[in-house]
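Here are my notes on the fold, as numbered points. Please read them with the structure open.

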Amino acid sequence: MTSPTRDSASTPGTAADSTPPPGCPAHTGHSGHPGETLAGERLESLHCPEFAADPAATYARLRAHGHIAPAELSPGVPVSLVTSYQTALDILRSPETFSKDARHWQALADGTVPMDNPVVPMMMYRPNALCSDGEEHFRLRSAISDTLDRLDIHALRRYVERSADFLIDLFGPRGEADLLKEYSARLPLLVFNQLFGCPPELSDKLVRSLSALFDIAEDSEQANVLLAETLFELVALKRAEPGPDMTSWLIAHPAELTDEEMVHQIVVLVGAGTQPLQNLICNGLLLLLSDERFAGDLAGGTMLIGDALNEVLWKDPPLANFCIHYPRHDTTVDGHRLPKGEPVVISLAAANNDPYLLANRRGNRAHLAWSAGPHTCPGKDPAQVIASVAVEKLLDRLPDVELAVPAERLEWRPGPFHRALAALPVRFPRTAAKSDEALAEMAAAASATIAGAVGTAPKAAGEDDAAHDAPHKGRADAAPSPEPSPEPPLEPSPEPSPEPSPGAELAVVEPEPSPEHEARRRWWKSLAQWWRRG
């Protein structure tokens with residue numbers, strides 16, 4: 001991937017008033033290193049509401065310090081924030097100098113930053129691919145990459161379409177909705193259930209705990225405990241009853257992950273697949289609904305939906321500040337001294353909007369929203385499929401949707417890591433629900449042996465390799481082909497079904513209903529009722 005061409009006519013950010021806006025907590029910096037604030041000056045806060053409302057103003061002030069600037073993720077947690085695209089790329093590609101292992105974090109090791117600080121759960125060491133280096137990183141990442149390679153992208157697309165239809169049916173007849181709460185936040189939950197074989201009572205707890213971690217809520221430590229407990233339950237369930245899902249595939253991988261390693265690999269996958277994906281969908285919809293280039297008929301806009309999402313990944317990436325690194329030794333980068341063990345955070349948003357880069361980036365995919373170097377996000381392709389299908393389906397079902405309030409009145413959730421709306425209220429002409437059809441398809445996919453977005457079940461102990469691989473001959477690593485199966489089909493039957501009478505019970509028509517199928521049907525109905533109440 002090549003870097004965007006630099007604009008020789010551009011000028012770096014000019015020096016600006018370094019005083020944070022009213023409302024941001026004032027915290028003094030420490031002197032002694034180039035690029036740090038002088039004693040008594042205030043660190044730029046990345047956790048106050050004012051930063052969430054106007055991050056560009058904060059980044060402009062930070063650029064007055066150069067390519068790397070002192071900032072504060074949370075009270076008492078100073079970091080060096082990288083705002084330059086090229087400097088960010090250099091650090092991301094230099095694992096020999098910058099470690100991802102938070103056990104190098106001196107302030108956490110010596111107690112200067114207490115374990116109950118709200119950002120610690122997002123920054124602490126976990127035995128996963130995100131927090132490891134070298135051979136250990138390769139071993140753990142290979143388990144994740146090989147598992148993701150087994151996904152059938154076409155089946156994933158079909159399952160996202162069904163999930164989107166199901167959600168739109170819940171709010172479509174009302175003519176109004178909060179697309180954050182009722183769509184963008186719920187769609188990844190449905191996809192997560194399917195991909196990881198996770199029962200709803202567990203996935204609900206996972207999403208709540210992850211949301212608290214990204215928001216840096218006061219109960220972050222308790223949320224971290226809940227997250228671990230819930231994932232250990234999921235791993236135990238899948239060790240006892242493996243299935244055609246990503247959890248079972250990780251368990252069966254030759255890396256032979258321990259329960260603890262399993263939990264922390266899933267933390268990475270779920271963390272990337274819920275909150276950031278929710279933000280990408282929501283921010284993409286906001287751009288489409290508020291930018292004059294998409295005025296009028298959204299389907300006939302001057303840009304494709306893929307281009308719109310790419311613009312979001314450049315300008316408002318769902319993870320704004322992350323990719324935390326720890327210098328292995330004292331080092332100097334672009335004239336800034338970075339002490340050993342002090343966190344260096346890449347501002348993906350600031351780097352992507354580096355004033356040195358060309359303004360016109362249409363078609364350019366060299367943004368840093370997926371990181372770069374050895375820790376580039378391995379799940380970016382499935383994530384982009386989910387986001388693009390989610391946006392396409394909503395605009396197809398609700399072509400006349402519009403914002404219920406002016407875009408400038410929308411609020412953004414505070415937090416140093418994400419770029420996340422607090423709500424996305426919209427209105428549209430009421431639309432008839434397709435609940436019977438959508439619910440039937442969802443339940444059929446959920447009860448099928450080849451589940452909607454996944455492939456073959458992991459090979460049982462002692463199973464012959466040839467027998468296991470035979471149905472997938474000619475394809476790498478068992479990504480399933482959509483061949484006929486004796487199980488309920490993934491696609492709906494082409495034959496029309498009779499129109500249900502008003503108030504009729506939602507049902508799934510199958511030749512021979514099984515107890516498992518009936519349980520699935522009841523689960524989808526209860527989920528719909530719960531979300532309607534929510």
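1. Strand 4 and strand 6 are antiparallel partners, joined by 2 bridges. Two strands count as paired if DSSP finds at least two bridges between them. Phe98 has Pro327 of strand 6 as its bridge partner. Helices (H or I, at least four residues) and strands (E, at least two) are DSSP runs, numbered from the N terminus.

2. This is a predicted model: local features need pLDDT of at least 70, side-chain atom pairs count only at pLDDT 80 or more, and totals for chains, interfaces and linings use all residues. Residues are numbered from 1 along each chain as its sequence is written, and side-chain values use heavy atoms, with hydrogens and water left out.

3. Strand 6 also pairs with strand 9. The two run antiparallel, with 4 bridges between them. His325 has Val344 of strand 9 as its bridge partner. How many residues of strand 6 are buried? The count is 7 of 7, so strand 6 is largely enclosed by the rest of the structure. Buried means under 20% relative accessible area, exposed over 50%, partly exposed in between (1.4 Å probe, protein chains only).

4. These strands belong to an open sheet of 6 strands, in the order 1-2-3-9-6-4, with mixed pairing. Strand 1 (44-45) and strand 4 (98-99) are the edge strands, each pairing on one side only. Strand 1 runs parallel to strand 2 (68-74), and 2 bridges join them. Ser45 stands opposite Glu72 of strand 2.

5. Helix 3 packs on this sheet. It touches strand 2, strand 3 (77-82), strand 4, strand 6 (321-327) and strand 9 (344-347). Contact means heavy atoms within 4.5 Å. The direction of helix 3 makes about 130° with that of strand 9. Axes are lines fitted to C-alpha atoms, for helices over the stretch in contact, and angles run from 0 to 180 degrees between N-to-C directions.

6. Helix 15 (305-315) is mostly covered, with 9 of its 11 residues buried. Among them are Ile305, Leu309, Val312 and Trp314, but also Asp307, Asn310 and Glu311. The buried residues pack against helix 3 (85-92), helix 14 (275-290), helix 16 (348-352) and helix 17 (380-397).

7. How do helix 14 and helix 17 pack, and at what angle? The angle is about 40°, and the axes lie 10 Å apart. That makes helix 14 oblique to helix 17. Angles under 35 degrees count as roughly parallel, over 145 as roughly antiparallel, 65 to 115 as roughly perpendicular and the rest as oblique. In helix 14, Leu277, Leu280, Ile281, Leu285 and Leu288 meet residues of helix 17 including Ala383, Ile386, Val391 and Leu395. By class, this contact has 12 nonpolar, no polar and no charged residues.

8. A second sheet, also open, has 3 strands in the order 5-11-10, with antiparallel pairing. Strand 5 (176-178) and strand 10 (402-403) stand at its edges, each with a single partner strand, so one side of each has no neighbour in the sheet. Strand 10 pairs with strand 11 (425-427) over 2 bridges. Leu403 stands opposite Val426 of strand 11.

9. Last, Leu202 in helix 10 (200-215). Leu202 is buried, with a relative accessible area of 5%. Leu202 touches Thr230, Glu233 and Leu234, not counting residues up to four places away in sequence.

Conventions: Ala, Val, Leu, Ile, Met, Phe, Trp, Tyr, Cys and Pro count as nonpolar, Asp, Glu, Lys and Arg as charged, and the others, Gly among them, as polar.
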